[in-house]
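Reader: I am new to this structure. Could you walk me through it, please?

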Amino acid sequence: MGRQAARGAPARVLRFFHVLLVIGLLEASLGLIQYFVEPGWILGYQNTASSVSGTLISKNHFAGLLGMLAFVPFGLAYASFRHRDPARTYLYLVGSAVIALSLVFSLSRMGVFSFVVSLLFVGTIMRLERGNRRMGTVLGMALMGIVLAGALWIGVDVIVERYGGLLDSELVLQDSRITIYRDTMTMIADRPWGVGAGNYQYVFRSYQSDHTEFLYDNAHNDYLQTAAEWGLVPALVFWALVASILVRGIRSFWRIESIRSRAILLTCIGGISDLLVHGLADFNLQIPVNAMLFSVFLGIAAAQSCDDGGRARRFYANPQ
């Protein structure tokens, strides 16, 4: 769907990205309200699972959504910077910082880690861009500077204290996840053809070796989850396709002449890489809104990469 809509229409994609920007700011604003004013409040519903989760239930899935959405205004900031529009660049960076700050307040350690790793990855790709080697450093440092300024204004000690309070419970969960991963790999070895989508929780029960008082309905790892449910071969094909789209998107970003198309690819690369890193310790692909946004980014990146060759030929044949 994303691929068909994006093919040859960067202006429409950028308008769609502005819609995503509004959604990201609304989600981030709700997260900040939950953090400062009413913990767990979701438009009249009281969430007892997480105090800061936006319109979602889990803080980790909220962080997964914000991690992808934060790259939308960052990509728009790239386009404005290349068009020498400092005012728009700053506004977009502030929008990205607001989303990233709400992600920090979600208290999802893996969410924060995924975003930082993805931002460094995107910055490195921008550093390797012809003729603009400093842009990745400038935009990346500017974004992190705004986020840090917001954290300092609120109080870094408060944020550190909140994360410190999670260490004990997070360590217990981390130990549980290691056991889940081991038991899931045993299940995959026994059933390499898969157990069927949505059947993980029913089959895993017979392989669960620890904390048997709990029922785990997910593997807390997107890669193991897809292999367990779909089977090894379909899972490998799927992740190979995702990797190929990401690699082609990066190569197209370095070759494409259109600034708008580069901004679109940069957004998609950031969003895709964020969920790929986050997927090592969570199951965002089981959350419809996160899976849909991830699929849209994949489709748009695939469309822009497919159009790369034609645009490049047209540019060099008629460079004016």
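Author: Happy to! H11 is mostly covered, as seven of its nine residues are buried. Buried means under 20% relative accessible area, exposed over 50% and partly exposed in between, with a 1.4 Å probe and protein chains only. Helices (H or I, at least four residues) and strands (E, at least two) are DSSP runs, numbered from the N terminus. This is a predicted model, where local features need pLDDT of at least 70, side-chain atom pairs count only at pLDDT 80 or more, and totals for chains, interfaces and linings use all residues. Residues are numbered from 1 along each chain as its sequence is written, and side-chain values use heavy atoms, leaving out hydrogens and water.

Reader: Which residue caps the N-terminal end of H11?

Author: Look for a side-chain oxygen that lies 2.9 Å from the backbone nitrogen of tyrosine 223.

Reader: Is tyrosine 223 itself buried or partly exposed?

Author: The relative accessible area of tyrosine 223 is 25%. That lies between the limits of 20% and 50%, so tyrosine 223 counts as partly exposed.

Reader: How are the rings of tyrosine 223 and tryptophan 239 arranged: stacked, edge-to-face or tilted?

Author: Rings of Phe, Tyr and Trp (its six-membered ring) pair if their centres lie within 6.5 Å; planes under 30 degrees apart count as stacked, over 60 as edge-to-face and the rest as tilted. For tyrosine 223 and tryptophan 239, the centres are 4.4 Å apart with 45° between the planes. The arrangement is tilted.

Reader: Which helices does this pair link?

Author: The two residues are 16 apart and connect distant parts of the chain. Tyrosine 223 belongs to residues 222-230 and tryptophan 239 to residues 232-255, which are helices H11 and H12.

Reader: Which residues form the aromatic cluster with Tyr223?

Author: Trp239, with a relative accessible area of 13%, is a buried member. Together with Tyr223, the one cluster holds Trp230, Phe238 and Trp239.

Reader: How many aromatic pairs does the structure hold?

Author: Phenylalanine 16 and phenylalanine 17 give another example: their ring centres are 6.3 Å apart and their planes at 40°, so this pair is tilted. Phenylalanine 16 is partly exposed at 32%, whereas phenylalanine 17 is buried at 0%. The number of aromatic pairs in the structure is 13.

Reader: What follows H11?

Author: The residue there has a positive phi, near 105°. The residue that follows H11 is glycine 231.

Notes. Polar contact = N/O pair within 3.5 Å; in protein donor to acceptor, adjacent residues only side chain to side chain.
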